Structures are given as structure tokens and as C-alpha cells.
Amino acid sequence: MKYIKDYATGEYEEKKSRFIGEVFPIKSEEEAQEHINAVRKKYYDARHHCYAYVIGDNYEIMKQSDDGEPSQTAGMPILNVLKGQDIHDALMIVTRYFGGTLLGTGGLVRSYTNAAKAAIDSAVVLSAVEGYRAEAEIPYTLVGKIKYFTETTGITEAGAEYGNNVKMTWLVPELKLVPFQNHIQEISGGSITLAIEKSRWYNA
């Protein structure tokens, strides 16, 4: 699953019609509507403000609008871009300034698709990683060995507090949890206890 980190925008032009794509991270339909209203005010002189949004890990909420364009030529292509790139919890609005030439249904689908893609191309897209947050107190004598293991196997060290021992925290991808647990037990002779909880984090 992927998520948009921050607002981003991109443009596409077809036969002097200008298409402005804007993508927003959202968590609710109310938040989506607020952005839609704000964009309508910002581009008050534009002919169309077509949009689509998706909310939830399994796209529990999806909505799209052609906003006066021929049916299925704007909102659905925008929605297809979001789903095709596995984007979740996002709103895409494409504002059109008419250039004087009719584009036909194929031209409209292409233009709204390309404007939506341009906005995503300019965005910072985060990938969600499913895994575990693990914590343990580590003797100083073992810290070097553990750091070497995690750095060479793609496990992220999320924190370290130094006291009598080192309280370390890691983000462990799901498929690497068992090898990580086995390694900790092996080098410590079973003396280290890991506290593990399900977690999700995001990588750019």
C-alpha cells in the first residue's frame, strides 16, 4: 500500500485545454469535501473540478465525480490512476480550463489520466510496511553484533537509550521477524527478552 505524504500538484495540456491535478492525503470524506470546496473557490473561473478519492486499507470508501464532463471520462480515469498505483487515503482533483476545442471522450480520458499521473509523479509517495516493533535491553558487549546483523538484513533501528544496558528498538518486517528472534537468542544464549508488538511504518 502507498500513501501521499503531502499535497502535490501537476499539470497537463491538450489542445489549449489546461488540466491541473492536485492530490491530497485525507482520512475522511469530510476532509475530502473541504479540499474540494477550497479548490472550487481557488479556481472559481474554471469549467470543471473533477475528482476521485479512496479511503481505507481495502478501499472501503471510494467516490468519483465527472462534474459535468461526459460520463466516465473524468472521475473514473482519476480513480483508476489512484487504484492503479495502489494509493490509499487520498483525494485527487483535476481542474479543467477549457481551451476552445472539444477533445472527445478519448481525449478527455487521456487528459484527466495524465493530469492525475502528473500530480502523483510530483508527490512524495510513502510505502506502508507491515511488521513488528521490537524492544529489548542489550548488554553493551552485544550491541555491535546486533547492529551488524540489522544493518545487513534490512532491519531498521528505531531508537537506543543508553544506561546500564542499551534499550534498543527496531522495526522488523514481517518476513524477517523469526530470523531476527533466532539471532538475538543465539548471540545472547537466550538471556535477552524481546518485547514485540504489531506495527506499520512508512518508507519513502
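**Reading the model, feature by feature**

Tutor: Let's start with a loop residue: Q72 sits in the loop between β5 and α2. Keep in mind that this is a predicted model.

Student: What is the phi of Q72 near?

Tutor: First the general idea: most residues other than glycine have a negative phi. Here, Q72 has a positive phi, near 70°, and is not a glycine.

Student: Now the helices. How do I check the length of α5?

Tutor: Count 1.5 Å a residue and compare with the end C-alpha atoms. Helix α5 (residues 177–188) has 12 residues and should span 16 Å; the ends are 17 Å apart, so the two agree.

Student: Which residues of α5 are buried, and where do they lie around the axis?

Tutor: The idea to start from is that an α-helix has 3.6 residues a turn, so residues three or four places apart point the same way. In α5 the buried residues are L177, F180, H183, I184 and S188. They cover an arc of only 130° around the axis, so they lie on the same side of α5.

Student: What covers those buried residues of α5?

Tutor: The cover includes β8 (125–138), α4, β10 (166–173) and β11 (195–203).

Student: Can you show me a residue of α4? Is T150 buried or exposed?

Tutor: T150 lies in helix α4 (residues 140–153). T150 is buried, because its relative accessible area of 2% is under 20%. Setting aside neighbours within four places in sequence, T150 is in contact with I155, W170 and F180. F180 is one of the buried residues of α5.

Student: And α2, what do its buried residues pack against?

Tutor: In helix α2 (residues 75–84), the buried residues are G75, P77, I78, L79, V81 and L82. They pack against β4 (48–55), β5 (61–65), β6 (87–88), β7 (90–97) and α3 (104–121).

Student: How many aromatic pairs are there in the whole structure?

Tutor: A search finds 7. In general, a pair of aromatic rings is described by the distance of the centres and the angle of the planes. Take Y43 and Y97: the ring centres are 6.3 Å apart and the planes are at 85°, so this pair is edge-to-face. Y43 is in the loop between α1 (29–42) and β4, while Y97 is in strand β7, so the pair ties together parts that are 54 residues apart in sequence. Y43 counts as buried, at 16% relative accessibility.

Student: What about Y140 and Y162?

Tutor: That pair is tilted, at 6.3 Å centre to centre and 35° between the planes. Y140 in helix α4 and Y162 in strand β9 (residues 156–162) are 22 residues apart, so the pair links distant parts of the chain. Y140 is partly exposed at 43% relative accessible area, and Y162 is exposed at 55%.

Student: Which residues does T101 contact away from its sequence neighbours?

Tutor: Leaving out neighbours within four places in sequence, they are K15, S17 and R96. T101 is in the loop between β7 and α3 and is partly exposed, at 35% relative accessibility. How many helices and strands does the protein chain have?

Tutor: There are 5 helices and 11 strands. The radius of gyration is 24 Å, well over the 17 Å that the globule rule gives for 204 residues, so the chain is more spread out than a compact globule. Its C-alpha atoms fill a box of roughly 75 × 30 × 25 Å along the principal axes. Buried residues make up 45% of the 204 residues.

Definitions and conventions
Residues numbered from 1 in each chain as written. Predicted model: local features only at pLDDT ≥ 70, side-chain atom pairs only at ≥ 80, totals over all residues. Heavy atoms only, no water. Helix = DSSP H or I, 4+ residues; strand = E, 2+ residues; numbered from the N terminus. Buried < 20%, exposed > 50% of the residue type's maximum accessible area, 1.4 Å probe, protein only. Contact = heavy atoms within 4.5 Å. Expected span 1.5 Å × (residues − 1). Arc of directions from axis to C-beta. Rg over C-alpha atoms; globule rule 2.2 N^0.38 Å. Phe/Tyr/Trp six-rings, centres within 6.5 Å; stacked < 30°, edge-to-face > 60°.
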